[in-house]
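This briefing goes through one structure by topic. Please keep the sequence and the model at hand while reading.

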Amino acid sequence: MPSLDLSPSLRVERDGSVLVVRLSRVAKRNALDDETMLGLESVFASMPAGVGAAVLCAEGEHFSAGLDLSELTERSAAEGALHSRQWHRVLDRVQFGRVPVVAALHGAVVGGGLELAAAAHIRVAERSTFYALPEGARGIFVGGGGSVRIPRLIGVARMADMILTGRVVNAEEGHQIGLSQYLVGAGEGVALAMTLARRIVENAPMTNYAVMHALPRIAEVGQDQGLLFESLMAAISQDAPEAKKRLHEFLNKQGRSKNEKVGE
């Protein structure tokens, strides 16, 4: 796989139609600094042609220990707001980009690391994974979109508990409450994430686009608006040439199967 490294904090490689994006700040437990975040923005904003899905993972023992707190020491309130908005912009690129993202999680998925993971569309957690939101103990509040994305996965009460008490959620509980869709053994996360990404690539692009961009917005509006939005997306997707081609192939295959049974 040809390397597309952008900086020492990221490693990006292409495996066929899947782009693999690895956090690579092992000495810092993959803490997320500005260089890493802007690198992620660049990757997801300029997805290479022919890529249909991305796998987000990390080197070392941990996915991400969160925001690099050394960057908070001399920041004013105004600068803090702008920095938070920068994170929002970057993670919107992940969630609402061109291709679905599968995150492979292991070790610490903490603070900003959990905010990053929550922006992915599918999360595969190894049993070493643990989740935490230590912002309460640090005297700060989530600023990377966590207050929006994480409650949609686990509910407001669970997120409040994690921040207020510093509770650490292990991989099994995290899977039960919705932080991951898949739970696997040690060293198996990236392999399953790649398998899922390759399945995603096989879908019609418009279907993947609808799941990424329409589904979360439909879930946030009233029923009448949601049903109308759904109808429009259904009409657009089925009118796409790829959808018509696949439908014709399916119907022809079904027709052949029926004829073969009649002739038996």
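Met 194 is in contact with Asp 15, Val 18, Val 20 and Val 55, leaving aside residues up to four places away in sequence. The model is a predicted one. Met 194 belongs to helix α8, which covers residues 189-201.

**Met 194**
- Met 194 counts as buried because its relative accessible area is 7%, and buried means under 20%.
- Between the C-alpha atoms of Met 194 and Ala 103 there are 9.7 Å, although the two residues are 91 residues apart along the chain.

**Hairpin of β1 and β2**
- Strands β1 (residues 10-15) and β2 (residues 18-23) run antiparallel and are joined by six bridges.
- The two strands form a hairpin with two residues between them.
- Gly 16, in the turn, has a positive phi of about 65°.

**Nonpolar cores**
- The largest nonpolar core has 43 residues, of which Val 21, Leu 40, Phe 44, Phe 63 and Tyr 131 touch the most other members.
- Contacts of Val 21, not counting residues up to four places away in sequence, are Leu 10, Arg 11, Val 12, Leu 40, Val 43, Phe 44, Val 55, Leu 56 and Cys 57.

**Three-stranded sheet**
- Three strands form an open sheet in the order β5-β7-β8, and their pairing is mixed.
- β5 (108-110) and β8 (169-170) are the edge strands, each pairing on one side only.
- β7 (residues 130-132) pairs with β8 in the antiparallel sense over two bridges.
- Tyr 131 stands opposite Val 169 in β8; Tyr 131 is also among the residues that touch the most other members of the largest nonpolar core.

**Largest pocket**
- The largest pocket holds about 720 Å³ of space.
- It is lined by 33 residues, and the closest to its centre are Gln 95, Ala 118, Ala 120, His 121 and Pro 216.
- Elements giving two or more residues to this lining are α2 (77-95), β6 (122-126), α5 (146-154) and α9 (205-218).
- Helix α9 provides the largest share, seven residues.
- Sorted by class, the lining has 16 nonpolar, 11 polar and six charged residues.

Key
Residues are numbered from 1 along each chain as its sequence is written. This is a predicted model: local features need pLDDT of at least 70, side-chain atom pairs count only at pLDDT 80 or more; totals for chains, interfaces and linings use all residues. Side-chain values use heavy atoms; hydrogens and water are left out. On a 1 Å grid over the protein atoms alone, a cavity is a set of points where a 1.4 Å probe fits but cannot get out, and a pocket is an open set with protein on both sides within 12 Å along at least five of seven lines; lining residues have an atom within 4 Å of a point. Grid points are joined across faces, edges and corners, and a volume is the space filled by probe spheres set on the points. Helices (H or I, at least four residues) and strands (E, at least two) are DSSP runs, numbered from the N terminus. Ala, Val, Leu, Ile, Met, Phe, Trp, Tyr, Cys and Pro count as nonpolar, Asp, Glu, Lys and Arg as charged, and the others, Gly among them, as polar. A nonpolar core is a set of buried Ala, Val, Leu, Ile, Met, Phe, Trp, Tyr and Cys residues joined through side-chain atoms within 4.5 Å. Buried means under 20% relative accessible area, exposed over 50%, partly exposed in between (1.4 Å probe, protein chains only). Contact means heavy atoms within 4.5 Å. Two strands pair if DSSP finds at least two bridges between them.
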